[in-house]
Each structure stands twice: as structure tokens, then as C-alpha cells.
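Biologist: Please take a close look at the aromatic rings in this model. I would like to know which of them pair up, and where they sit.

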Amino acid sequence: MDKPDSERSKVKVAVRQRPFLHSSEREEPCLRILDKQSVSIMNYRDRRESVVYSFDWCYGPDNSQQELYEEAVKPELSHVLRGQNASVFAYGPTGTGKTYTMVGTSGNPGVIPRAVGDLLHASQATAQTKLWAVCISISYLEIYQEKVRDLLDTNKQDLPIRQDRNGAILVPGLTERVVDSYAQFERIFMAASRHRMTASTQLNHTSSRSHSLLMLRVVKTEQVTPFRRFFGKLHLVDLAGSEDNRRTGNSGVRLKESGSINSSLFALSKVVDALNQGFTFVPYRESKLTRLLQDSLGGSAHTVMVTNLAPEQHFLFDSTSALNFASKSKLVVNRPLTLQSQQPVMKRRLSNNDGELGRNATLATALGAENTSLIGPLLKQQKTFQMEVWERLESIERLVSHGNVQPVGLARNALKERNQQQCQPLKCGSNLMGVQPGTAGGDSMPVGVIAPFGQPRDVHPNAFLPTAVCDSEGSVKVYEAVDSNALHFNEKQKQLVLDILNHGNVRQLKALQKVGEKRAKLIISWREEHGPFTEMEDLTKVEGLTSKVVNSFWTANVMCNM
């Protein structure tokens, strides 16, 4: 998978103040939205003073869900369709409207329904061009008391978190479902959301007791050459709020849940501090939450954090802490990557009746009438795509067309074998333009020797080349002409490997391919107990060496040295 040079992108922060919960309250708010990019809050040490913070966006009680989504979230969706990752997560004290911001209501949807709807609409519009195919799948999980739970399949509890070879964070075993329409997504998402842990506290009647993460995976595949594929992910995170147990009245299970939530949020703060101070070690592994947000903070994603605040005076300390965390987070720098691959798909073979007219019609249908000016360059690109190989395949087909055979399939398999076995001597070439008469196995039947690519047709009869033999009934069989010197070398190399297995020490055994220190000690232990190895198959008797491992060992140490 290709990963081009990364760009730099700072975490974007939006601040949102909810209205007073009770309209009858007339107390002075502890914070005010000054303009679109600044917020003022009382100094909790001296309430006669105030502190001003600046962010990318600031929204007051009069701003709608639509405004926040259109300005702060929607621009990030374009990165996902280009093969990059994006994250949006809501942060703030308990009871400040994080779940409302992310999920919303049926009449006033939040970030998640709007983002999924726009992604599905964009994917359908892209697919209508016939140049791209887009597949969107979703996964939904929660972190409850430091355990990852699958909300799409409640039987999957305490799932592990892993990191692949490209550095991406993943959850093995997590359920993934493909969605084709918003109605299908809504049905799946609403059913899964009922499984999320919520409870009532003195500050919030429907307090989230877990962090939730909705993951959307977008795969965009090109339908014409060069058949590129882009892999993008969108993470939509609803964090549980930090809690002061002196005011929430938590006890028992609620107190344990609160401790787990505050611990993970504290680990999140430590990660941000480590990133801002340039530490070489960042404590992502201190909690499941920071592990899952590793791409979002200091990783390879475009990130937007929505900080939710409450205007009541008793939220002053919590709101100040949230603003301090948001102010630190906006300094974090991510390095988004574009994840793409290119499929080695062979050009579709056209019959002689199709000709250039068929190619023009196919591309015209794919591009549409308004894009006919693009047909010429695309045709030129397709025409040069392995055209030389196809001409040679057609040449050998004309040679044996009198028989009931499929020479193109035989030649294609030979080409595939050549590409896969680079360590082998050349067994099949691509230059199929000429045929040299000869004999095979002592028979007097005519044979055709396929010349290797870039070599003249008068090849040496002892070359490692497949030989096509036509029998009296007109059918064609492919044999492999093997030099006797090669067979002698094969046996000699095999005997050399057996000598090392029977008499070598640990260091000498480790010099063989596919043998490490552990396998070397196992081989010596078996040899001392049962005697020398007589055949390569005896290795299967050693503990831990299956027939598949032995075949791999044989290929690496004997066949690849031919």
C-alpha cells in the first residue's frame, strides 16, 4: 500500500456553550461567547476578573446544530474520500450536551447523522460517474470500565486493540457492516445505541457511562486504469464527561464507572501534554481511550474537537478545566497520510469484431457524453497497457488454432508462474512471436519452444523453457524441458543441506533460510535422540515443523539456489 509524504495539520477546536437547563434561572453565566473565535470565562480564583480563550470556532446557545456541522465538521469529509483519516470527538464535563452534539434528536440531528448522510450522498454521486465504486462500512464500540465492547454484537466483550504494520490502530473481531443507504444506517445505529451504558446522576438524568466510537470505513475503487484504491476512515467519538463525585452523588457501581471515566480522561490529558512538550515517549497505552485516539492526537488523521461547556456558576471549575485542555489540544500537530494502492488488473480482452469501435463505445458509456474529450488519452493509455503481451498470446494462438486447446490460458499461467517464482531460472517468457521446431522426450512429434522475453528465437535446446507438443489428435500438451546439469545441481544442493542438518551446530543451522535459534535447537535435539536425517521429509517429525514449514524450507534452501 502506498503512503505518500504526509502533510501537517493541527487539531481544530470548536467551543460550544449550551443554554441554561431551566429557563427560570436568572443567575449570571460564568462564561460568554464574545465572537466567532473567542470565549470569556470568570477567573475561578477571583470572579471579578475574566480570562479570554481563542479557538477556531465558538458557538453560543443561539447557534444551531446545522451551523456547527457545516463550518467545523463537513469540510473534513472530503479528506476521507481522498483516502485520509478524520476524527471528530466531543469533550467536556458531564451534563454539557456532548451526546446531543454528536447524535442530536430526530428533529434536530447532530454530527453523526449529518456526516453519515453526506458521506453516503457523496459516494452515490461518485459511483454514478461509472469511473469509481465506493463502499462504506460501519463499526460501533464503547469503552466501559476499560473494556472494549462491540455494540453491533453484544456477545463480543473485552475486545483487544492492535496496531498493524502500517501503524494503524484496529480492533480484531469487531463487527463491520456495509451500509448502502441512510435508512439502513439509521436502523443499525439506533438499535446499537440502545446497548450503550447510561445511568442517572444528580447532574444528568441520562449520563453516558462509557466512551463510544463510531467508525466509518470508506473504500473508493477506480474502475479504469490504473485501478487505484483509496482507503479512508472517519471516527466519530462521544466521550463520557468528567465527573466530580462530590456533586454527582455517585456510589457503588456509579462511583466505579466515574473513576474509570476520569482515569481515561486524565490519560488523555497526559498524552496531549507529552505531544506539546515534544517527548519521545507518548503514553498512548495508559488507557483504551488514548490507544483508540492515537491516530487522532499526534497521528495520521485530520481532527476536530468540539468542547462543550455549561453556563451555570457551579460548572465554573469544570468549564475552566475543559477550556485549558482545549487550549492545549489545538497545539497538537497531526500528519495525515493518503492511503492508496494500485491493483495489477489486466486489460479486458476484446474480440476482433469489437475493434476500436468497441473500445470507444465502452469508454464513452463510462465517461458520459460531456467527457468525450477525455476518451482519446484514455484509449491511448489502455492500448499500451500490456499490449505487447497480448500480441504474443495471439501469435501462439494462431500457431495451434487447429487443435482443441486454450493456449492463451496456458501462456497466461506460465507468465504468472514466472512472476511469482523470481528465484527460479526463467521457465516461461513473454516473447511468443516465433516457434522453433524440435523434439521432446525422444518423440518425433513437432514441438514449439517459446523464446524468453527479449531473447532471439534460436534458444539453446537445454534452456529452462516449456515445450508445446502436438499429438496425432491435434491436442496440445505443455512439458518442461529440464537440463540434466540442473538436476545434478539440485541433488548436490539437497545433499549439502542434509549434511548441515546432520552435522551442523546452532550457528551453522541458523545460516540456513527459515531457521532461527529456536528451530536450530529443536533440530539438534531431535537429531541426538533419533539419529541423522535421511530425507527432507524427516523434518516433519521435529516438533513444531509442519509439512507447510518444511516445504517452505525446501524451496528457500534448495530450489531457490538452482
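**Aromatic pairs**

Modeller: A search of the whole structure, which is a predicted model, finds eight aromatic pairs. Take the pair of W132 and F230 to begin with. Their ring centres are 5.8 Å apart and their planes meet at 45 degrees, so this pair is tilted; planes under 30 degrees apart would count as stacked, and planes over 60 degrees apart as edge-to-face. W132 belongs to strand β8 (residues 132-144) and F230 to strand β16 (residues 228-238), so the pair ties together parts that lie 98 residues apart in sequence. Are these two residues buried or exposed? W132 has a relative accessible area of 15% and is buried. F230 is buried too, with a relative accessible area of 10%. The cut-off for buried is under 20%.

Now consider F185 and F189. The centres of these rings are 5.4 Å apart and the planes are at 20 degrees, so the pair is stacked. Where do the two residues lie along the chain? Both are in helix α5 (residues 182-193), four residues apart, which separates them by about one helical turn. F185 is buried, at a relative accessible area of 1%, and F189 also counts as buried, at 4%. This pair is part of an aromatic cluster, formed by Y140, Y182, F185 and F189.

Some rings have a charged residue over the face. R18 lies over the face of F315, at 5.6 Å from the ring centre. In the case of F55, the residue over the face is K330, at 5.3 Å from the ring centre.

For the surroundings, there is also a sheet to describe. Three strands make up an open sheet in the order β3-β4-β5, with antiparallel pairing. The edges are β3 (31-35) and β5 (46-54); each has a single partner strand, so one side of each is left without a neighbour in the sheet. On average, neighbouring strands of this sheet are turned by 25 degrees against each other, direction ignored. In general, the strands of a sheet pair through backbone hydrogen bonds, in a parallel or an antiparallel way. Here β3 and strand β4 (residues 38-43) pair in the antiparallel sense over four bridges. One of the residues involved is D35, whose bridge partner in β4 is S38. Helix α9 (residues 316-329) packs on the sheet and touches β3, β4 and β5. The direction of α9 makes about 135 degrees with that of β4.

Notes
Residues numbered from 1 in each chain as written. Predicted model: local features only at pLDDT ≥ 70, side-chain atom pairs only at ≥ 80, totals over all residues. Heavy atoms only, no water. Phe/Tyr/Trp six-rings, centres within 6.5 Å; stacked < 30°, edge-to-face > 60°. Helix = DSSP H or I, 4+ residues; strand = E, 2+ residues; numbered from the N terminus. Buried < 20%, exposed > 50% of the residue type's maximum accessible area, 1.4 Å probe, protein only. Lys NZ or Arg CZ within 6 Å of the ring centre and 35° of its normal. Pairing = 2+ DSSP bridges. Axes fitted to C-alpha atoms, helices over the stretch in contact; angles between N-to-C directions. Contact = heavy atoms within 4.5 Å.
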